[in-house]
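Subject: Handover of a structure and its findings

Dear colleague,

Please find below the structure for your attention, together with its sequence.

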Amino acid sequence: VNDATPPPSRTRLHRCLDSPHKASQGYPDSPFLLALTHDHHFVFTTFLTKTSTGLIIFQAVSHIAKMATQQDLQDLIRLMTVTRKMPMLQAMTSIKALQAVDLRSIKQISEASLPTVQEALKDDKVARALQNACKAVIRRNATQSSSPPSGGGVLKRGSSISSTSPVSKRAKSDVFMTGPVEMTPQELEASLELPICTDEDTIKKTVIETNRAPLVLAFAVEMLRYTMPEQPLSSRLSLGQAVVSANSRSKAVSLGLDKGPSADQEGYGEGQPRVKVMGREVAVLKRSGYEWKGEERSGDEKKDGAGGSQATSATTASTLDPAPTPTATWSTSPPIIMKDSKFVARAIHLTSPSQRKYLMESLMHNHPELKSATHNAWAFRLKPPENANWLTQRTMREESFDDGETGCGDLMLKVMREAGAVDTLVVLTRWFGGTMLGPDRWRLMRNAVTSALGERMRKTGGSISLGGEALWGLDLEAMRKAQLGTTVGGYGSGKQLQPLTHVVGMHIHRPEAARSYLLRSFGKPSPPPADETATSPSKKKAVHKTAKVLEAEREENLGLLLGALRLLFDSWADHLDVAELDRRTWAWYCAIRPEVDSGPNGWGGKGSVKLVDLLKLRRGDQS
């Protein structure tokens, strides 16, 4: 530790020195990792040699640091421990062996001959897998570096190109901590974008082959756009994977493949908030402070004429209300604009239902532009009077009016309940831009109402607890395994259980893993076997597809599946409430899921799914 050491790292280092046993457990706070990060001299000999593992790691790092650049070494460690899921000790030993044959970086390993890598690692399978991973990294970097600049095109899988560095567009991981490194919300959401195609003619002709778990995930991710529109894609992927994990674990127990209570039943999710997804409750973790936006933008007060977050408008209610009140002040949200549709919300104090009419008339008088709006929906909540008795109303009074914006009134009341807002009237105005927004409109309306309520509470000095925070789905099974010091992994994730190396914080279902699971899970059905008795010379030989072709095929099928689901949910979204849509989603999944063998033989089995069957479930298409 010296004066150049960043203060946070210095604190972490002192904490490690107080707990030497951490070095043998592979904790990411171990000093040798900090040494790699900040290029300090290796002054930790005494500390690291207190354990045999520490001695081996120290010797390996000391040897490697003399022969490789800092960045090459970090990239190689990250590839082995994060991408290849290799334990830290094994990774360091492998890197030392590769250095012995003059292979110091990912590029050098990718360009080396396979026998050279095999000779260094003494394991043909591991050597081949590592070299393939290195080649994949080089190809991906080359593709991203040759991408057109902002506005010049679209990345593969539909990720829009921005002016940010290509590196920021992919899910980045850090070997020194669990999970991805710091990314802006916009970068994270863009890196997770999924393909989608809503061409009905193509969908009707498509048949895919998959097993049941990823199909549940696809249903959940798409359904959550409608039932929890405030959740970003990263949260929807995490929550969907939590449902898949819970369902798969229950199925494993019912088939006798696993036994005993689940981690949830053992209390690992106790005290955490819960949400219901496809009829199953899952424990979640709130992502406090995570703010993201879709395609919408905030308008300008002068340009859009609708006020800003600091804007207020005075309404003299005394001339309109039989019971005169002091001059009231509206709190106004910034305009939110998407595809030429504009949303603005306003909130004001209300003490009696009779005031609503006069307050709104005064608002329209002071802001005549509101009369040209497509919708002016409103909602209010009033607490019961203090002198209430059994003859009078003693419950919270709530009323709302959609004004043609289906479901808007109920949404405003829900947001007000979450915020604890009482004696408050909210007016939500929308100018329709000519393009249907789908489920995005729920998020935009919520954001506008939340902003107006937040501004009102700030002005009045009241406290507010706004709902609608972004969520992570908790991986309770991984929590239990981590506490027991066994293995980490999850049911229905498409991954084998991996040895536990280090744990920081609570285990969540990572959206990057869920996205990867979707992208590799939807292939085309295998062709029927050729007739072996046929002797015709025109009999075609089987064509073997390359890995690249298969990857593109699976991605295309995922886009068509999500497109079919989008069309299905669009047809029902305005006719079913959230609870009913959630309930029906499971029934729709059961109607089209692939047929597999019953019992343990069917575990993980694949079958065919005709996407046209999803379209037949749309409202109006059912017989």
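The notes below cover confidence, a helix pair and a sheet.

This is a predicted model, in which local features need pLDDT of at least 70 and side-chain atom pairs count only at pLDDT 80 or more, while totals for chains, interfaces and linings use all residues. Residues are numbered from 1 along each chain as its sequence is written, and side-chain values use heavy atoms, with hydrogens and water left out.

Confidence

pLDDT is the predictor's confidence in each residue, from 0 to 100. For the protein chain the mean pLDDT is 74, and 66% of the residues reach 70 or more. Over residues 1-5 the pLDDT stays under 50, and the model has 7 contacts beyond four places in sequence for them (contact means heavy atoms within 4.5 Å). Residues 7-53 also stay under 50, with 81 such contacts.

Helix pair

Helices (H or I, at least four residues) and strands (E, at least two) are DSSP runs, numbered from the N terminus. Helix H12 (residues 212-227) packs against helix H20 (residues 547-572) at an angle of about 40 degrees, and their axes are 10 Å apart. Axes are lines fitted to C-alpha atoms, for helices over the stretch in contact, and angles run from 0 to 180 degrees between N-to-C directions. The two helices are therefore oblique to each other (angles under 35 degrees count as roughly parallel, over 145 as roughly antiparallel, 65 to 115 as roughly perpendicular and the rest as oblique). On the H12 side, the contact residues include Leu-215, Phe-219 and Tyr-226, and on the H20 side they include Leu-561, Leu-565 and Phe-569.

Sheet

Three strands form an open sheet in the order S2-S3-S12, with antiparallel pairing (two strands pair if DSSP finds at least two bridges between them). S2 and S12 stand at the edges with a single partner strand each, so one side of each has no neighbour in the sheet. From one strand to the next, the twist averages 50 degrees.

Strand S2 (residues 274-277) is joined to S3 (residues 280-286) by 4 bridges. Arg-274 has Ala-283 of S3 as its bridge partner, and Val-275 stands opposite Val-282 in S3. In the hairpin of S2 and S3, 2 residues lie between the strands, and Met-278 takes a positive phi near 55 degrees. S3 is joined to S12 (residues 471-473) by 3 bridges, and Leu-285 has Trp-472 of S12 as its bridge partner.

With kind regards
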